[in-house]
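The following exercises examine selected residues and their surroundings. Please consult the sequence and the structure shown here before reading each solution.

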Amino acid sequence: MKITILGAGAWGTALAITLARKHDVVLWGRNAQAMEEAGRQRENKPYLPGFPLPDELAVTADFSAAVHHVCGEPQTSLLIVASSVAGLRGLAGQLRGHPIPNLVWLCKGLEEDTRLLPHQIVQQVLGSAIPAGVLSGPSFAQEVARGLPCALTIAGADAALCERVVTAVHGGNIRIYSSDDLIGVEIGGAVKNILAIATGVADGLQLGLNARAALITRGLAEITRLGVALGGRPETFMGLSGVGDLILTCTGDLSRNRRVGLGLAQNKKLDDIVTELGHVAEGVRCAKAVRELAQEKGIDMPITNAVAAALFDGVSVQEMVSRLLSRDPREETL
C-alpha cells in the first residue's frame, strides 16, 4: 500500500518508521532543511532522536509530490495527517484541489477559536465526500518507534476506510480496532490531555496516589458527560480512546501534558514550561475551548474548569486543588 504521512513530528515519524517496514511510505515535513537533514542522516533529531529511519522510508518537503504519492486507487493508498489540531485547518486547505482518495488524522484536541473537533474542521474545509476518520488511542511515539506493543482505534463513518486502515496498520506490535463513533473517539482523545495536566499538578504537589486515582476516575466522568452530550456513545469512553488513553497520559512519564502539570506545581510560568517541552502540549490549547464548550452545553466539568483557571486566570495550583476539594458532596454518578 502507498501511504503518505503529512507531519514529521514525533508521532508522525514514529508511525512512518513502523509502516515503512511493510508499505511504500513517504513522510512529509514543511521545514525543507530539517527534512533534507533527516533524509541524509536517516534520523529525525529534532523530534524523535535516537530512532533510525528505515532505508525504505522516503522523506520530503515537497508537498505536491508527497500528496501525489497517494493519489491513486483508494484501496491501495492512504493519506495520514500527523499535524497538531492547530495545523489541521491549514493542511486541509493545502489539500484542496488534489484528488484525495481518503484522509486519516492523528491529532487530538479542539480548535481554540472555533471549538471544533478535527472531523468538523475537515468537513468545513474539504466537505464530507472524502472518506475520512481519526486514528487514536494510548500511544507514546517513542514506544511505537521502538516496536513496543500498542493498540489503537480507527473511527469513521466509512466502513471501507476503517477496514483499509486496519489492513494497513494492524500487525506486528500494533493492534487496530474500528469504531463508527467518531465524536466519542475524538472527545476522549481531546479531554484526557486536560486531565493529564491536573494529575501532573497533583503528582508535583505530592498529593499521593489516592488523589491521582480520584482525578483519573472523576476525569473519566467529565469526558463521558461531555462526549455523550455532543453525540458520542457512553461505551466508547470505556475503550482505548477513553479510559485507555486517559490512564496512559495521566500516569506516563513521557506525557507532555502531565509534564505541564508538574511544571505548574513547581510554580513555573506556562510559557517557560511550553518552551522547555519543545513539543505541542494539546491540553493547554484545548482547556479553554473545552471549558467554553462545556459552559455552552451546561455540562459540569469541575476538573477541566480548575485546570483552565490555573492556566489562564492566574489561579495558583494550590487554589486549584482547594477549589476541587471544597466542592459539596454528591452521589457518584456521571
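**Exercise 1.** Determine which residues Thr13 is in contact with, leaving aside its neighbours within four places in sequence.

*Solution.* Contact means heavy atoms within 4.5 Å. On this basis, Thr13 is in contact with Gly7, Ala8, Leu27, Asn44, Leu48 and Leu53. The model is predicted: local features need pLDDT of at least 70 and side-chain atom pairs pLDDT 80 or more, while totals for chains, interfaces and linings use all residues. Residues are numbered from 1 along each chain as its sequence is written, and side-chain values use heavy atoms, without hydrogens and water.

Next, Thr13 is placed in helix α1, residues 10–19 (helices are DSSP runs of H or I, at least four residues, numbered from the N terminus). Its relative accessible area is 0%, so Thr13 is buried (under 20% relative accessible area, 1.4 Å probe, protein chains only). Finally, its side chain reaches the backbone oxygen of Ala8 at 3.3 Å.

**Exercise 2.** Is Lys192 buried or exposed?

*Solution.* Lys192 is found in helix α8. With a relative accessible area of 5%, Lys192 is buried. Beyond the neighbours within four places in sequence, Lys192 is in contact with Lys108, Ile223, Asp245, Leu246 and Thr249. The unreviewed UniProt entry annotates Lys192 as "active site"; such annotations may be inferred rather than shown by experiment.

Definitions and conventions:
Helix = DSSP H or I, 4+ residues; strand = E, 2+ residues; numbered from the N terminus. Buried < 20%, exposed > 50% of the residue type's maximum accessible area, 1.4 Å probe, protein only. Polar contact = N/O pair within 3.5 Å; in protein donor to acceptor, adjacent residues only side chain to side chain.
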